[in-house]
Amino acid sequence: MSGPSFERGYNALKEEIDAPTAAFFSSCVHCGMCAEACLFFTETRDPKYTPIHKLEPLRKVWKQEYTFWGKLGKALGLSRPLTDQDLADWESLVYDSCTLCGRCSMVCPVGNDITYMIRKLREGMAAAGHAPKGLIDATKRAVTIGSPMGVKLPALQAQIRHTEKEYDVKVPMDVEGAEYLCLLSSMEIMNFPEYIGSIARIFKKAKVSWTLSSQAFEATNSGIQIGVSDIAAELVQRIVDVAEELKVKAVISPECGHAYMAIRWDGPNLVGKRFNFKVVHILELLDELRTQGRLKMKDKEARKLTYHDPCQIARRGGVIDQPRNLLNMLADNFVEMPETGKMNWCCGAGGGVSSNERADDLRLKTFARKKAQLDTINVDAIVSACSNCRIHLEEGLEEYHMELPLLSLTETIAEHLAEE
Amino acid sequence: MTDAEFLLWVRGPAFTTATFIMCAGLVIRFLEIFLLGRKADLAEARGSAFAGGFRTMFKRSIPDAGSFERSGFTLVSGYIFHIGLFIVIFLFVPHILVFEAATGLSWPGLPSNIIDATNVVTMIALLAVLIHRIKDPVMRMLSEFNDYLVWFVTFLPLLTGYLAFHRVGLSAPMLIGLHILSVELLMVLFPFTKLSHAFTLWMARWYNGAIAGYKGVQS
């Protein structure tokens with residue numbers, strides 16, 4: 001593949017524009033309501049963070065390439081064409097101040113899916129070489145090492161040995177014919193290895209046939225965050241190959257938002273074919289086990305809990321009721337934050353923002369939105385289902401001097417499982 | 001050209017031309033959008049794209065509670081002038097006669113004094129919208145010439161309609177002629193400006209809702 005260039009970026013943008021994009025740009029009346037739906041605007045009040053404004057380079061290409069008057073204006077030299085400098089100027093807006101959370105797409109009165117278009121704009125930005133260094137590095141590591149954090153198989157094997165010893169469970173590896181292939185995120189392996197022990201204990205008690213793979217254990221996909229579909233497809237293909245080789249019935253996406261988006265919704269479109277296996281989020285599987293009576297609890301969580309919806313799982317992914325069913329099984333005192341489920345506020349670190357050091361200060365500033373939500377309900381702990389949300393929420397809570405434990409839903413269920 | 005000749009011209013050749021440009025322009029706009037196409041989604045559906053798209057086309061007219069809290073002015077002024085425009089365009093008896101002449105369809109109208117009052121309220125709402133656009137930092141940054149042009153050509157027929165109804169200043173044929181001409185300006189610009197959102201928003205809502213519905217999320 002040739003290196004990044006403006007020409008490649010421009011062509012990528014041209015290719016990305018489809019009928020929905022044209023309908024969206026045709027309909028925007030510049031009402032500004034998307035600004036109030038974006039935590040980067042609400043927490044800074046800086047107009048440049050207005051979601052539709054972040055799409056200006058893509059809009060320019062649409063107008064000049066796909067509309068009658070735009071083409072005429074361009075031919076007569078009446079309008080200024082998009083330049084490499086425009087893309088450079090927009091880089092931080094497109095990558096640092098958008099988590100692809102999709103909240104703007106829910107409030108736009110004309111119905112524009114702005115997030116859908118930001119994802120497209122990133123394809124052009126990356127092809128033109130205007131992506132943040134942190135994301136470029138993470139993507140390179142994902143391709144060469146197999147993990148954006150540089151986690152190699154021996155590190156996973158060490159965590160597995162530790163888990164098997166601590167919980168007296170077996171963590172199956174490369175088992176052909178297992179029902180489920182379980183994926184992990186690097187963050188779980190490095191920061192939250194309890195997750196591996198938790199699923200091992202839950203699956204043992206619920207008698208779920210499962211396996212990890214030494215060839216494809218990483219579920220996250222930097223390719224979709226940076227906006228390089230070729231790489232995203234390569235990362236998905238690794239999982240598809242293993243799933244087919246092991247003949248599993250389904251692949252389980254871990255507690256990670258964008259990993260779910262990558263494998264469940266983008267995956268088949270990236271590799272260009274329908275999967276011959278299912279993809280389920282761990283919360284979907286756990287809720288299914290609950291309805292089948294295969295999750296037996298020894299006791300209930302006494303603390304007052306709330307749930308933070310990871311955007312790619314809930315608003316963009318459709319897994320909204322399952323965590324609530326599980327929490328109501330698990331706790332007597334589960335309360336919702338104001339504006340929750342499909343209207344939840346993002347933690348501020350999704351969509352590659354957490355891999356982008358340049359965005360660190362902004363990311364912590366926008367946490368004020370989550371703090372405002374939490375301040376209204378006075379809970380003892382927050383539960384979530386995304387290790388990226390979890391790390392950032394913990395950092396945000398510390399920054400704002402709030403002492404609240406952050407729990408993983410899967411891990412909390414494992415802790416309350418009935419003994420045999 | 002006498003005032004009467006002017007009126008005949010705007011009602012005749014000018015109106016035909018404006019109607020043709022508006023219809024041809026809209027066809028071009030629709031083709032520009034639809035011919036771009038859309039890739040089929042290969043992921044296994046969880047919900048219905050059709051149900052999601054259809055629901056969102058209508059549901060998006062009713063904002064969520066949070067938006068009412070944060071964008072109250074935009075929403076309330078927007079509702080008022082859109083409903084106002086609908087009433088004065090489609091429920092004023094002389095307008096219904098024009099539609100009947102063109103399409104053969106007729107429906108009951110509202111008394112003129114109610115239309116007149118609605119017209120005034122709509123103009124006030126549009127003025128408030130303009131002031132908001134100029135004063136609000138987000139809207140000011142987003143706004144281009146197009147946005148102000150669209151405002152102007154929407155406001156003008158309301159103003160000329162008011163002047164014609166109250167016979168202010170000029171002769172009756174001239175006032176009505178100017179009113180019709182201002183509507184023709186709106187019609188000519190309709191397909192090529194933001195005004196076309198009146199049609200394209202249904203597509204936008206459809207796509208948004210269909211994308212979400214396919215994944216089993218309500219949008």
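1. In this predicted model, domain 2 of chain A and domain 3 of chain A bury about 2,300 Å² between them, with 67% of that area on carbon and sulfur atoms. On the side of domain 2 of chain A, the residues that lose the most area to domain 3 of chain A are F192(A), E255(A) and L283(A), which together account for 28% of what that side buries. The contact draws 26 residues from domain 2 of chain A and 28 residues from domain 3 of chain A, and the C-alpha centres of these two domains lie 22 Å apart.

2. The elements of domain 2 of chain A that give two or more residues to the side touching domain 3 of chain A are α11 (186-190), α12 (194-206), α15 (257-271) and α16 (282-291) of chain A.

3. For orientation, the domain assignment divides chain A into domain 1 (6-131), domain 2 (136-290) and domain 3 (297-415).

4. One open sheet of chain A has 4 strands in the order β2-β1-β3-β4, with parallel pairing. Its edge strands are β2 (210-211) and β4 (278-281) of chain A, each of which pairs on one side only. Within the sheet, strand β1 (residues 180-182) of chain A and strand β3 (residues 250-253) of chain A pair in the parallel sense over 3 bridges, and Y180(A) has A250(A) in β3(A) as its bridge partner.

5. Helix α14 (residues 229-246) of chain A lies across β1, β2 and β3 of chain A and runs at about 145° to β1(A). Helix α15(A) lies across β3 and β4 of chain A, running at about 160° to β4(A); α15 of chain A is also among the elements that give two or more residues to the side of domain 2 of chain A that touches domain 3 of chain A.

6. A further open sheet of chain A, again of 4 strands with parallel pairing, has the order β6-β5-β7-β8. Because β6 (334-335) and β8 (406-408) of chain A stand at the edges with a single partner strand each, one side of each is left without a neighbour in the sheet. Strand β7 (residues 381-384) of chain A runs parallel to β8(A) and is joined to it by 3 bridges, with S384(A) standing opposite S408(A) in β8(A). Helix α17 (residues 321-330) of chain A lies across β5 (305-307), β6 and β7 of chain A, and runs at about 170° to β5(A).

7. Chain B has 10 helices and 0 strands, and its C-alpha atoms fill a box of roughly 70 × 35 × 35 Å when taken along the principal axes.

8. In the interface between the chains, 50 residues of chain B are in contact with 63 residues of chain A. The two chains bury about 4,500 Å² between them, 57% of it on carbon and sulfur atoms. In chain B, the residues losing the most area to chain A are L42(B), R46(B) and R70(B), which together make up 16% of what that side buries.

9. The count between chain B and chain A is 4 salt bridges, and across this interface the rule finds 27 residue pairs in polar contact, both residues being at pLDDT 80 or more. The side of chain B that touches chain A takes two or more residues from each of α1 (3-34), α3 (65-70), α4 (72-90), α7 (137-142) and α10 (197-214) of chain B, and α10(B) gives the most, with 10 residues. One salt bridge pairs E284(A) with R46(B), the closest N and O atoms being 2.8 Å apart, and R46(B) is also one of the residues of chain B that lose the most area to chain A.

10. Over all chains, the salt-bridge count by this rule comes to 36. An example within chain A is the salt bridge of E16(A) with K120(A), whose closest N and O atoms are 3.3 Å apart. This pair links distant parts of the chain, since E16(A) belongs to helix α1 (residues 6-16) and K120(A) to helix α8 (residues 114-127) of chain A, 104 residues apart.

Technical notes. Residues are numbered from 1 along each chain as its sequence is written. Chains are lettered from A and ligands numbered from 1 in the order in which they are written. This is a predicted model: local features need pLDDT of at least 70, side-chain atom pairs count only at pLDDT 80 or more; totals for chains, interfaces and linings use all residues. Side-chain values use heavy atoms; hydrogens and water are left out. Two strands pair if DSSP finds at least two bridges between them. Contact means heavy atoms within 4.5 Å. Axes are lines fitted to C-alpha atoms, for helices over the stretch in contact, and angles run from 0 to 180 degrees between N-to-C directions. Domain bounds come from an automatic or database domain assignment. Buried area is the accessible area (1.4 Å probe) that two parts lose on being put together, summed over both. A salt bridge is a side-chain nitrogen of Lys or Arg within 4 Å of a carboxyl oxygen of Asp or Glu. A polar contact is a pair of N or O atoms within 3.5 Å; within protein, one must be able to donate a hydrogen and the other to accept it, and residues adjacent in sequence count only if both atoms are side-chain atoms.
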